Amino acid sequence: MREEDNLMLIDVNDIPREGLDFDQDFDFVSLDLVEEEAAFLEPVHSILSVKKVGSEVLVKGKLTTRLSFICSRCLQPFEYGVEAVFDLAYLPEELDEQKEELDQDDMDKFFYYHQQLDLREIVLEQLNLSIPLRPLCSEECEGLCPVCGQLVQDGQCGCQVNSSDPRLEKLKSFLRDKR
């Protein structure tokens, strides 16, 4: 294994029979995340196990970190604890080129190229997969009032929200006339 240029490369041919275990922290930057407004509050801690079975490489891992997000409903910052567990299988690149020869069980596997695996890239990918599409400070968050823009959960907003769309009024009258 070598660490250079922020990579954590493992040469697949150098994996011993008993496998490799890693307990590693990664310092990613917020630009590495799929959520644009997220920020790291601590490094990503990972516990990884890499084992070679024939030409297949099995990577099991757990990662934890804390991130700061902006709530999609109320636009308030909040902390989010990430804990992700993964179990991945990698096949050699030659099989990627011969996809028609892969059986159904191989379709959920990944590929390694040039006899190398980049553990840093795997951890970052799994971290991004564990991030919610719409980060919410809580499931009960009511968000902002569409009329005045105040937090609804503060109870200070007394605006009347018209739930019907004025563009649909003609359609409603048409349906009423059909009855």
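**Loops, elements and core**

Biologist: Does Leu 75 count as buried or exposed?
Modeller: Leu 75 has a relative accessibility of 51%. Buried means under 20% relative accessible area, exposed over 50% and partly exposed in between (1.4 Å probe, protein chains only). Leu 75 therefore counts as exposed.

Biologist: What pLDDT is required before side-chain atom pairs count?
Modeller: Residues are numbered from 1 along each chain as its sequence is written, and side-chain values use heavy atoms, with hydrogens and water left out. This is a predicted model, in which totals for chains, interfaces and linings use all residues, local features need pLDDT of at least 70, and side-chain atom pairs count only at pLDDT 80 or more.

Biologist: In what order do the elements of the chain run?
Modeller: Helices (H or I, at least four residues) and strands (E, at least two) are DSSP runs, numbered from the N terminus. The chain holds 3 helices and 9 strands. From the N terminus on, their order is β-β-β-β-β-β-β-α-β-β-α-α.

Biologist: Which loop holds Leu 75, and what is the phi of this residue?
Modeller: Leu 75 belongs to the loop between S6 and S7. Its phi is positive although the residue is not glycine, with a value near 65°.

Biologist: His 114 also has a positive phi; where does this residue lie?
Modeller: The phi of His 114 is near 55°, again in a residue other than glycine. At 64% relative accessibility, His 114 counts as exposed. Its position is in the loop between S8 and S9.

Biologist: Which helix contains Glu 93, and is this residue buried or exposed?
Modeller: Glu 93 is found in H1, which covers residues 93-97. The relative accessible area of Glu 93 is 17%, so Glu 93 is buried.

Biologist: What separates the C-alpha atoms of Gln 160 and Val 147?
Modeller: Gln 160 sits in the loop between H2 and H3, where H3 is helix 169-178. Its relative accessibility is 74%, so Gln 160 counts as exposed. Gln 160 and Val 147 are 13 residues apart along the chain, and the separation of their C-alpha atoms is 8.1 Å.

Biologist: How many disulfides are counted, and how far from Cys 74 is the nearest cysteine sulfur?
Modeller: A disulfide is a pair of cysteine sulfur atoms within 2.5 Å. By this rule there are 0 disulfides. Cys 74 is in no disulfide, and the nearest cysteine sulfur, that of Cys 71, lies at 3.6 Å.

Biologist: What is the relative accessibility of Cys 74 and of Cys 148?
Modeller: Cys 74 counts as buried, because its relative accessibility is 1%. Cys 148 counts as partly exposed, because its value is 39%.

Biologist: Why can H2 be called largely enclosed by the rest of the structure?
Modeller: The buried residues of H2 include Leu 119, Ile 122, Val 123, Leu 124 and Leu 127. Arg 120, Gln 126 and Asn 128 are also buried in H2. H2 is largely enclosed because its buried residues number 8 of 11.

Biologist: What percentage of the chain do buried residues make up?
Modeller: The chain has 179 residues. Of these, the buried residues make up 34%.

Biologist: Which residues have the most contacts inside the largest nonpolar core?
Modeller: A nonpolar core is a set of buried Ala, Val, Leu, Ile, Met, Phe, Trp, Tyr and Cys residues joined through side-chain atoms within 4.5 Å. The largest such core has 37 residues, and those with the most contacts inside it are Val 57 and Leu 127.

Biologist: Which element supplies the largest share of this core?
Modeller: S2 (7-11), S3 (20-26), S5 (44-53), S6 (56-70), S7 (77-92) and H2 each supply at least two residues of this core. In soluble globular proteins, nonpolar side chains tend to be buried together. The largest share here is 6 residues, and its source is S7.
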